[in-house]
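Dear colleague,

I am passing on the structure below, and my notes on it follow. Please read them with the model open beside you.

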Amino acid sequence: MSKTISGFSKLSKSEKIDWIVNTYIFNNENAKDILKQYWNSNKQLQQLHDEFIENTITNYYLPFGVAPNFLINGKTYTIPMAIEESSVVAAASKAAKFWLDRGGFKAEVISTKKIGQVHFKYNGNPELLKTYFSYIKPKLIKDAQPITVNMEKRGGGILDIELRDKTTDIENYYQLHVSFETLDAMGANFINSCLEQFAKTFKSEALNFEAFSTEEKHIEIIMSILSNYVPECLVRAEVSCAVKDLTENNNVSGEAFAQKFIQAVNIAEVEPYRAVTHNKGIMNGIDAVVLATGNDFRAIEAGVHAYAARNGKYSSLSHAEIKDGIFTFWIEIPLALGTVGGLTGLHPLVKLALEMLGKPSAKALMQIVAVAGLAQNFAALRSLTTTGIQQGHMKMHLMNILNQFGASPSEKENLVKHFKTETVTHSAVVEALEKLRR
């Protein structure tokens, strides 16, 4: 059967499934049953999910969990997290509980500026282009007013428009570099609409600019698009306490723990191979909350990792120090988030997640998300520098291995007890399960 098809998007959902199953999957009926068992029985709710994207054939579930006991700026939160990886929610919860009695987390938004760019080619005198830009800048803002009027009423809008000469990188390449304030909206559609209007005005008005030659009048717009690199949309989160209060283990002093912890952070600051894994752990916490609150985790990931390499070398996003007997661990991270628009007003679980967090503003959500990342990083480094990462992680992974081999409830109960005092590895679990079954 041919694996190409015309008009696929016009098929009904059932017809799409029939084609997929008949073309790619040999166990036809079982495949159909798997796809259909994830449909929601509420037809209206299912239709809502079907219309989030194109060519929907079923729903893909991720566990939706919560991490309680987060004390942030004196207020207690239970943080929703959507993620499939074992131990992430448990680690975040453990870190939250650890810091609950040590003053909790402090967080502040440093800035909320977002960026968009009009990329264009201009073949002519750079000084004349600067003159034209100064002349046209007020009209760029005026022509965008139908788009910006409502945002401006709420206190946001266009912050500035700059002309940037990039001809040292690409011949005849320039930018309109625009900064925005989008308040509680992530603002992608708002920013892109403004940029496309800027491009339209910038190109059309150039045709009437008398100082330009015929060639200079024909500005070529390449594209108009927001940037997911937001180094000026920053939030800081931190924890701190006296070094002597850092340990819960009488065998390890607070000083010894702090010194080893800081060494681990220092390694991530200078060694990219370690920094990538270090930052991935931070993103375990961040992505889980970003997903649960209906935000764009791909945009967050791209911007965060670019920020981690902003000084020319990929490095740790978190930092730690001891000063005057006080241990401080902090993160400074770019997060462009929204609490209105997009899925935030459509997806029932997203609405529930935001309600759980007290219907936060975008700034408040930035602080919560940064704290989740810092908590996750603290938990990981604490394990790495004490018991090792696998002890806790594999304990959490035990249930996945047992489910993989179809363990019964009684088998699970027996093996959970067994591995309380034994090292969990895939082979050890399989061996113990086979022995139990014999």
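Is the crossing of α9 and α10 left-handed or right-handed? The crossing of these two helices is left-handed, a term used when the near helix is turned anticlockwise from the far one by less than a right angle. Please bear in mind that this is a predicted model, in which local features need pLDDT of at least 70, side-chain atom pairs count only at pLDDT 80 or more, and totals for chains, interfaces and linings use all residues. Residues are numbered from 1 along each chain as its sequence is written, and side-chain values use heavy atoms, with hydrogens and water left out.

Helix α9 (residues 254–270) packs against helix α10 (residues 272–292) at an angle of about 115°, their axes being 6 Å apart; helices here are DSSP runs of H or I with at least four residues, strands are runs of E with at least two, and both are numbered from the N terminus. Axes are lines fitted to C-alpha atoms, for helices over the stretch in contact, with angles from 0 to 180 degrees between N-to-C directions. The two helices are therefore roughly perpendicular to each other, the word covering 65 to 115 degrees.

The sheet is an open one of four strands, in the order β5-β6-β4-β7 with antiparallel pairing, where two strands pair if DSSP finds at least two bridges between them. β5 (157–165) and β7 (220–226) stand at the edges with a single partner strand each, so one side of each lacks a neighbour in the sheet. Strand β4 (residues 114–121) pairs with strand β6 (residues 173–181) over eight bridges in the antiparallel sense, and H119 stands opposite Q175 in β6.

Best regards

Notes: Angles under 35 degrees count as roughly parallel, over 145 as roughly antiparallel, 65 to 115 as roughly perpendicular and the rest as oblique.
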